[in-house]
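Q: I'd like to learn how to read a model like this one, feature by feature. Could you walk me through it?

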Amino acid sequence: MHPRRFTQLDVFADHALQGNALAVVLDGEGISDAAMLDFARWTNLSETTFLLPPTAEGAAAGADYRVRIFTPAGELAFAGHPTLGSCQAWLNAGGTPRRNQVVVQECAKGLVTIARAAAPGSSGMEGLAFAAPPLQRSDVPANLQAQVLAALQLQADDLIAAQWLDNGSRWMGLLMRHIDILPRALPNAAALRALGVKAGLCAIHPQGSGADDSAEPVLEVRGITLTAHGIAEDPATGSLNASLAQWLSAAGHIALPYRVQQGAAIGRAGRMRLIADMANMADASGQIWVQGQVHSVVTGHVTL
């Protein structure tokens, strides 16, 4: 065990302490899987990441570094706010990407491209943006929809559509009829854990509702996730919002670009922007990007 560079950041918020906290160990080499999991349990954050050099295969494919992502319950193949937060931590620590304005991160899901330049028209939402990973989605059986709605204490006519969404992190996406339905959801922890469902509720703000200072549509989101001992609510969830954007835009429910508001139910103000085909990426045709700000909050060392 020896001192390793460590930082905590706030991801997907216009101002620090309003988004989703992330712990990052910058010198992850030589730490066993068990020790990584022990530390993730100790931080008790939704995710803790460990940065390492890329694998030989990853380096050959252009990766700048590798990240391992742990929850207190185990390792994830991919997650959104750990992707942007880890990238910002790597850049803050002096990391130099191979490509101008682009960082390539290797994770268990594969390679993820992160753009450093803000997209045109993104005033107030400058920051990093990650390319949404490929999505697998499928219909949710009607009986399971009914069970999940009951576990959320909502009614069948509250729901417009549901989909299984999996980009390395598996969610049940639930598009609700109105934003007023979201705060009415009262998750039953035992029922959701028995079903094994992470529920991503969303609803589109009425046009001209004043929910955002831009002319873009606004999606309100609640991410009800499973923990080692129960359930919790995410302040801002990049993986969920990436898959929601791929589903909702393809199905014609919402047009890109749009803004996301998340975390209101737990007193947070998570903010991100979903973009198609960022102008500074020549090879981005058809790609959806998840953009948000990252704020450094704690820096120092941890003994691991």
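Predicted model: local features only at pLDDT ≥ 70, side-chain atom pairs only at ≥ 80, totals over all residues.

Q: Let's begin with the inside. Which residues touch the most other members of the largest nonpolar core?
A: The general idea comes first: in soluble globular proteins, nonpolar side chains tend to be buried together. Here the largest nonpolar core has 45 residues, and Phe130, Leu219 and Leu244 touch the most other members. Helix α6 (residues 238-250) gives the largest share of this core, with 6 residues. There's also a second, separate core of 23 residues, with Leu174, Met176, Ala185 and Leu192 among them.

Q: Can we zoom in on one of those? What is Leu244 in contact with, leaving aside its neighbours within four places in sequence?
A: Leu244 is in contact with Leu165, Gly173, Cys202, Leu219, Val221, Ser249 and Tyr258, once those neighbours are left aside.

Q: Asn241 is in helix α6 too. Is Asn241 buried or exposed?
A: Check the relative accessible area, where buried means under 20%. Asn241 counts as buried because its relative accessibility is 0%. Not counting residues up to four places away in sequence, Asn241 touches Val221, Tyr258, Val260, Gln262, Met272 and Leu274.

Q: Now strands. How many residues of strand β13 are buried?
A: Count the buried residues, then look at the partners. In β13 (residues 218-226), 8 of the 9 residues are buried, so this strand is largely enclosed by the rest of the structure.

Q: And which strands pair with β13?
A: Take them one at a time:
- Strand β12 (residues 199-204) runs antiparallel to β13, with 6 bridges joining them. Cys202 has Val221 as its bridge partner in β13.
- Strand β15 (residues 258-262) runs parallel to β13, through 4 bridges. Here Val218 stands opposite Arg259 of β15.
- Strand β14 (residues 231-234) pairs with β13 in the antiparallel sense over 4 bridges. Thr225 has Ala232 as its bridge partner in β14, and a hairpin of 4 residues joins β13 to β14.

Q: How do I read the two faces of a strand? Which residues of β3 are on each side?
A: In a regular strand the side chains alternate between the two faces of the sheet. For β3, Thr48, Phe50 and Leu52 sit on one side, Thr49 and Leu51 on the other, and all are buried, leaving both faces covered. Strand β2 (residues 20-25) runs parallel to β3, and 3 bridges join them. Val24 has Thr49 as its bridge partner in β3.

Q: What about loops? Is Ala63 buried or exposed?
A: Ala63 lies in the loop between α2 (56-60) and β4 (65-71). Ala63 counts as buried because its relative accessibility is 1%. Leaving aside neighbours within four places in sequence, Ala63 is in contact with Pro54, Gly58, Arg98, Val104, Glu106 and Leu111.

Q: Which residues other than glycine have a positive phi?
A: Asn44 is one of them, with phi near 60 degrees. Asn44 sits in the loop between α1 (33-43) and β3, and it is exposed at 59% relative accessible area. Gln153 also has phi near 60 degrees. Gln153 is in the loop between α4 (142-151) and β10 (159-166), and it is partly exposed at 46%.

Q: Where is a cis peptide bond found?
A: Look at omega. A cis peptide bond joins Leu256 and Pro257, with omega about -5 degrees. Pro257 lies in the loop between α6 and β15.

Q: Last one, the surface. Which residues make a nonpolar surface patch?
A: Leu17, Val297 and Val298 make one of about 250 Å². Val298 is in strand β18 (residues 294-303), and it counts as partly exposed because its relative accessibility is 35%.

How values were computed. Residues numbered from 1 in each chain as written. Heavy atoms only, no water. Core = buried A, V, L, I, M, F, W, Y, C linked by side-chain atoms within 4.5 Å. Buried < 20%, exposed > 50% of the residue type's maximum accessible area, 1.4 Å probe, protein only. Contact = heavy atoms within 4.5 Å. Patch = residues over 30% accessible without salt bridge, like charges linked within 9 Å, V, L, I, M, F, W, Y side chains within 5 Å. Areas by Shrake-Rupley, 256 points an atom, 1.4 Å probe, with all protein chains shown as cover. Salt bridge = Lys/Arg side-chain N within 4 Å of Asp/Glu carboxyl O. Pairing = 2+ DSSP bridges.
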